[in-house]
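Hello,

Here is the structure I said I would pass on. My notes follow it.

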Amino acid sequence: MSALENAQAKMRKNGVSELGIKVFTHYFHQLESGVTGLIPEDTIEPITDAADISTVEVSDAEAREALSKTVMLKLNGGLATSMGMEHAKSLLPVTQGKRFIDIISQQVKWARKEYGVKLPLILMNSFRTREDSLAALDENMQVDGLPLDFLQGKEPKLRVTDYEPAQWPADPSLEWCPPGHGDIYTCLQDQGLVKTLLAKGYRYLATSNADNLGSYPHPKIAGWFAKSGAPYAPEVCVRTAADRKGGHLARRISDGHVILRDTAQTPDADMHYFTDEFRHRLFHTNNLWFNLEALDQLLEEREGIAGLPLIRNQKHIDPTDSSTPEVYQLETSMGAIVEAFAGAQPILVPRERFLPVKTTNDLLTIRSDAYELGADGILRLVTQKAPLVDLDPKFFKNIADFEARFTVVPSLKDATSFTVRGDVHFTQAQSFTGDAIVEG
């Protein structure tokens, strides 16, 4: 049997759907043909402008009406292995002892009460996050008979040497990976969820990452999207020095299409362009708005294969151990769907809409007194600008090491930046101002 046939057989044996196998096969053929998914700088032009939510006019009635037809979908498949975690990232305490999942629930409940809407919340879980995440949600989060989650697909990791499915008897679960958050389209089509939402009267789908607490239910953006008539709208923000690794939209020179480029799609020689916050002024937040009718039509036309660009992600089979064999993970990005929708309209939103926690640097920023958590579940910056935190990765990268060294969180509301080098333990209340540097 060929490498592809072995991978397909492994997927069937493990209960992967035929559509999931079909999509995997589509990208396996691209891998075999040498497709890398790289987008060189000389093939694109920067996009520098977008509609600005601060300048659009939406009445309270329009906003409420749009929100009443909106469903919130959170991508919740991540484990944050880069921080040494082995359970759902959304179960990590963020602030005031509340976890991501608790704050998301608080945001949705407040919006339901404040605006008198149903506002369903649905999680896209992975096989690694489902059980714990559902246990963390209280039962009254479910509305309208809709599921609280659906399960993201899985696919075998492939050996770099010959594309055969990787084997790791020490922990067979490490032989599998999610196919990137672009798998959302396969899942939605496979489970008929878009049609279910339409049948219940919903018209808009707002998707975002579970670790981005800035993507709370926003009636004005919902109202703008409904009025725009656009099939799809990604939220973008003005880049800062802290956003240099964030993906960005660009216009492809060959056909004029708007596309998304992520870090993994950028050639090494072009990374200085990618990280230039002035050249690529707007970054992609992965907060996305869909017209459900347009999405349903697209998925029907493409028979469940959204046709997103391949991201060939090269990793170690055990992501926490660089001595283990290298593998390819065939992934796609949800936001790359932008090139499939004629008439897609990016919307410029305030930086408060993008508060992800990708590292312990981000976690400390949000845990500090630079932010306050409101009764509506919204994190608000209490100072003019968030401090730029840079913790020594040798001692603070993993969450266990971070927690052991920050038994008391310092005050950072008056700090411009906060840099820690060496093995430092914070065990008593301290306040830092300006450009603070602590060395152990």
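Helices (H or I, at least four residues) and strands (E, at least two) are DSSP runs, numbered from the N terminus. This is a predicted model, in which local features need pLDDT of at least 70 and side-chain atom pairs count only at pLDDT 80 or more, while totals for chains, interfaces and linings use all residues. Residues are numbered from 1 along each chain as its sequence is written, and side-chain values use heavy atoms, with hydrogens and water left out.

Gln 329 sits in strand E17 (residues 326–331). Its relative accessible area is 7%, so Gln 329 is buried (under 20%; exposed is over 50% and partly exposed in between, with a 1.4 Å probe and protein chains only). The side chain of Gln 329 makes a polar contact with that of Glu 331 at 2.7 Å (a pair of N or O atoms within 3.5 Å; within protein, one must be able to donate a hydrogen and the other to accept it, and residues adjacent in sequence count only if both atoms are side-chain atoms).

- Gln 96, at about 55 degrees, is exposed at 58% relative accessibility.
- Tyr 163, at about 70 degrees, is partly exposed at 22%.

Regards
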